Amino acid sequence: QVQLVQTGGGLVQPGGSLRLSCAAGGFTFRNYVINWYRQTPGKERELVATTSPGGDITNYEDSVKVRFTISRDNAKNTAYLQMNSLKPEDTAVYYCNAISSDDVTSQYWGQGTQVTVSS
């Protein structure tokens, strides 16, 4: 059964940190690019961070550079998004996405997790 199960998220004060996890099952995780997206009501889903299948290449949306770190552990079939120095504007539902490096039509989504940054 193919699945991406997200954990983490919740409520944090501005300046705080959270780590999101995305555990994969049912497909060859190490062959997939992993993306983290976020979405707020009334807006399109926004790409926040990307890591290559081997984890050696990462990219970030400008507003999260330096503050967020994407990583993966292929031995554990899990990806992470470490979020530091959180701001209220980071409040959103966060989604992990896996897309095959060989076939862009093969992709999967996590269930989404709410991150709320508020005092």
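Ser-52 is buried, with a relative accessible area of 13%, where buried means under 20% relative accessible area, exposed over 50% and partly exposed in between (1.4 Å probe, protein chains only). The model is predicted: local features need pLDDT of at least 70, side-chain atom pairs count only at pLDDT 80 or more, and totals for chains, interfaces and linings use all residues. Residues are numbered from 1 along each chain as its sequence is written, and side-chain values use heavy atoms, with hydrogens and water left out.

**Surroundings of Ser-52**

- Ser-52 sits in the loop that runs between β5 (46-51) and β6 (58-60); strands are DSSP runs (E, at least two residues) and helices likewise (H or I, at least four), numbered from the N terminus.
- The side chains of Ser-52 and Asp-56 are joined by a polar contact of 2.8 Å.
- A polar contact is a pair of N or O atoms within 3.5 Å; within protein, one must be able to donate a hydrogen and the other to accept it, and residues adjacent in sequence count only if both atoms are side-chain atoms.
- When neighbours within four places in sequence are set aside, Ser-52 is in contact (heavy atoms within 4.5 Å) with Ile-57 and Arg-72.

**Disulfide**

- The structure holds one disulfide, defined as a pair of cysteine sulfur atoms within 2.5 Å.
- Cys-22 and Cys-96 form this link, with their sulfur atoms 2.1 Å apart.
- The link of Cys-22 and Cys-96 is right-handed, with 65° about the S-S bond.
- Because Cys-22 belongs to strand β3 (residues 18-25) and Cys-96 to strand β9 (residues 92-100), the pair ties together parts that are 74 residues apart in sequence.
- Cys-22 is buried at 0% relative accessibility, and Cys-96 is likewise buried, with a relative accessible area of 0%.

**Chain as a whole**

- The secondary structure comprises zero helices and 11 strands.
- For 119 residues, a compact globule would have a radius of gyration near 14 Å, and the chain agrees at 14 Å; the radius is taken over C-alpha atoms, and the globule rule is 2.2 Å times the number of residues to the power 0.38.
- Along the principal axes, the C-alpha atoms fill a box of roughly 40 × 25 × 25 Å.
- Of the 119 residues in the chain, 43% are buried.
- Among contacts with a separation of 6 or more, 53% are between residues 24 or more positions apart.
- The accessible surface of the chain is about 6,300 Å², of which 46% belongs to carbon and sulfur atoms; accessible areas come from the Shrake-Rupley method with a 1.4 Å probe, and for residues only the protein chains shown count as cover.
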